[in-house]
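Trainee: Could you show me how to read a helix and its pockets?
Mentor: Happy to; let's look together.

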Amino acid sequence: GCGTSGPTSGLVGYVDGEAVATAAAYVTDHAVDVTLVTCRTEARGRGLGRAVTQAAVDADPTKPAMLLASDDGQPVYRSIGFRTVSRFSLWVGPRPLG
């Protein structure tokens with residue numbers, strides 16, 4: 001099971017005692033910020049990412065939830081009820097040393 005307490009909660013999904021999925025919820029006065037959603041490649045397609053994401057959303061069911069989604073995660077988030085508000089791309093490149 002997944003549980004939350006306090007303004008920031010970390011959630012971990014396990015299969016056979018091994019951590020395979022994560023999510024975090026940060027509850028503000030106005031919303032639940034769902035973040036740090038991960039699922040190991042070999043565990044995908046079994047509902048584990050959806051389960052930890054839903055648990056994060058449920059950290060405070062009286063407030064709307066928000067998150068930043070990867071392309072891979074969008075179908076999962078849509079199935080929970082999230083809607084796309086905006087789309088943007090971030091590019092990471094090497095930083096100069098010194």
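This is a predicted model: local features need pLDDT of at least 70, side-chain atom pairs count only at pLDDT 80 or more; totals for chains, interfaces and linings use all residues.

Mentor: Residues are numbered from 1 along each chain as its sequence is written, and side-chain values use heavy atoms, with hydrogens and water left out.

Trainee: How many residues of helix H1 are buried?
Mentor: Buried means under 20% relative accessible area (1.4 Å probe, protein chains only). Helices (H or I, at least four residues) and strands (E, at least two) are DSSP runs, numbered from the N terminus. Helix H1 spans residues 48-57, and seven of its 10 residues are buried. They are Leu48, Gly49, Val52, Thr53, Ala55, Ala56 and Val57.

Trainee: What covers the buried residues of H1?
Mentor: The cover includes strands E1 (8-15), E2 (18-27), E3 (32-39) and E4 (65-66), along with helix H2 (74-80).

Trainee: Which residues are closest to the centre of the largest pocket?
Mentor: A pocket is an open set of points on a 1 Å grid over the protein atoms alone, where a 1.4 Å probe fits, with protein on both sides within 12 Å along at least five of seven lines; lining residues have an atom within 4 Å of a point. Here, 20 residues line the largest pocket, and Leu67, Leu68, Ala69, Thr84 and Ser86 are closest to its centre. H2 supplies the largest share of that lining, three residues.

Trainee: Which element gives the most to the lining of the second largest pocket?
Mentor: That is H1, with four residues.

Key
Buried means under 20% relative accessible area, exposed over 50%, partly exposed in between (1.4 Å probe, protein chains only). Contact means heavy atoms within 4.5 Å.
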